[in-house]
Amino acid sequence: MKHTNNIFIGLGSLAIIAVMPSCDVFNKITHKSSSPSVAEKVETADRQTLDSKTNNKESDRKSASKHPDTEVAQDIILPRDREKISQKKKTPAYTSQELGKGILKGDWAIETVNGKKAVGEKAPFIRFSPSDNMIYGNNGCNVINGGYKYNPADSTISFSNIASTMMMCAMEGITDYEINAALSLSKYYTWEIKDNDYYLYLLDNAKKTVMSLMHQNFEFLNGAWHVTAINGKDVDEPDMNLVIDVDEGKIHGNTGCNILNGAMDIDMEKVNSINFSSIITTRMMCPPGNHETELLVALEDTSTAKPVSKTSVLMLDSQGKEVLRLVRQQ
């Protein structure tokens with residue numbers, strides 16, 4: 001890939017930056033760091049081999065500078081999901097009490113822009129990071145970030161220095177420019193709770209809605225759970241327990257035989273969608289009749305969750321079929 005110069009385009013408070021899609025430049029936009037994080041590039045890296053992989057990637061980088069036409073895996077490719085945008089800028093789970101106080105934080109899926117459904121090449125979303133008063137996200141095609149200020153007392157909000165990468169985008173649904181422009185016009189905000197999910201509305205100076213966003217609420221999954229059924233069939237495994245930490249995006253527990261650890265992600269591309277990934281277990285030999293394999297497959301198949309009561313939760317696959325039934329541990 002050949003180098004090109006950066007181009008700066010000013011539009012009021014909207015600043016668009018044309019960026020050569022390399023990791024060095026990308027990290028300056030999203031991480032404010034010139035040193036790429038190995039952990040963010042090597043999704044399945046073994047901890048014991050991280051050093052050697054780092055050295056190999058450094059060699060690839062030097063080779064690519066001498067041979068521009070040489071493909072260097074992922075070092076010259078923009079991240080394709082929100083996790084790599086601001087992986088170190090996670091914010092805790094959002095609560096209805098915080099919403100009532102007008103606090104803005106966490107991940108919000110962009111639902112509509114000026115009344116038009118927000119559909120792009122990628123799922124558009126904004127992550128509010130109050131620790132540094134920054135937003136991170138995607139405008140349906142390009143990675144965006146910038147500053148934000150808000151005042152719950154008078155429900156005012158403003159965005160500044162909105163920057164965007166400049167990948168070529170298809171004309172699907174709304175354009176990436178429309179999202180950036182709507183942020184620039186936002187002056188006020190309001191909110192409501194519908195069907196256990198939180199909705200945020202950004203308004204212009206005339207109090208007209210220019211953008212609506214939704215925060216997917218999985219706070220009900222926090223805590224320790226006992227697995228009582230897999231794929232609709234009751235299981236009797238006293239030690240088969242899971243602990244889910246939505247704030248940290250983690251899951252751990254016991255399969256009834258081995259210790260389990262993994263990650264939990266909220267999928268912004270679908271309403272009320274989650275997935276469990278990077279699941280690893282210890283490797284003790286399990287007795288006949290153990291349901292460890294069924295549990296691991298069910299976790300991988302999980303696409304959403306819904307509370308049945310204050311003490312019971314169902315995990316469902318992408319077709320709405322029950323894959324796990326959990327009862328809260330006392």
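I looked up tyrosine 148 and found that this residue is buried, with a relative accessible area of 2%, where buried means under 20% relative accessible area, exposed over 50% and partly exposed in between, with a 1.4 Å probe and protein chains only. This is a predicted model, in which local features need pLDDT of at least 70 and side-chain atom pairs count only at pLDDT 80 or more, while totals for chains, interfaces and linings use all residues. Residues are numbered from 1 along each chain as its sequence is written, and side-chain values use heavy atoms, with hydrogens and water left out.

I searched the whole structure for aromatic pairs and noted five; rings of Phe, Tyr and Trp (its six-membered ring) pair if their centres lie within 6.5 Å, and planes under 30 degrees apart count as stacked, over 60 as edge-to-face and the rest as tilted. One of them joins phenylalanine 128 and tyrosine 148 edge-to-face, at 5.0 Å centre to centre with 75° between the planes. That pair links distant parts of the chain, since phenylalanine 128 is in strand β5 (residues 125-129) and tyrosine 148 in strand β7 (residues 143-151), 20 residues apart; strands (E, at least two residues) and helices (H or I, at least four) are DSSP runs, numbered from the N terminus. Phenylalanine 128 counts as buried, at 0% relative accessibility.

I then noted tyrosine 150 and tyrosine 189, also an edge-to-face pair, at 6.0 Å centre to centre and 80° between the planes. Tyrosine 150 is in strand β7 and tyrosine 189 in strand β9, 39 residues apart. Tyrosine 150 is partly exposed at 25% relative accessibility, whereas tyrosine 189 is buried at 3%. Ring pairs link Phe128, Tyr148, Tyr150, Phe159 and Tyr189 into a cluster.

Next I looked for disulfides, meaning pairs of cysteine sulfur atoms within 2.5 Å, and found one. The link runs from cysteine 257 to cysteine 286, S to S 2.2 Å, and is left-handed, with -100° about the S-S bond. Cysteine 257 lies in the loop between β15 (250-255) and β16 (259-267) and cysteine 286 in the loop between β17 (273-281) and α6 (292-301), so the pair ties together parts 29 residues apart in sequence.

Last, I checked charges over rings, which requires NZ of Lys or CZ of Arg within 6 Å of the ring centre and within 35 degrees of the ring normal. Lysine 194 lies over the face of tyrosine 199, 4.4 Å from the ring centre, and the charged end of lysine 207 sits over the ring of tyrosine 188, 4.6 Å from its centre.
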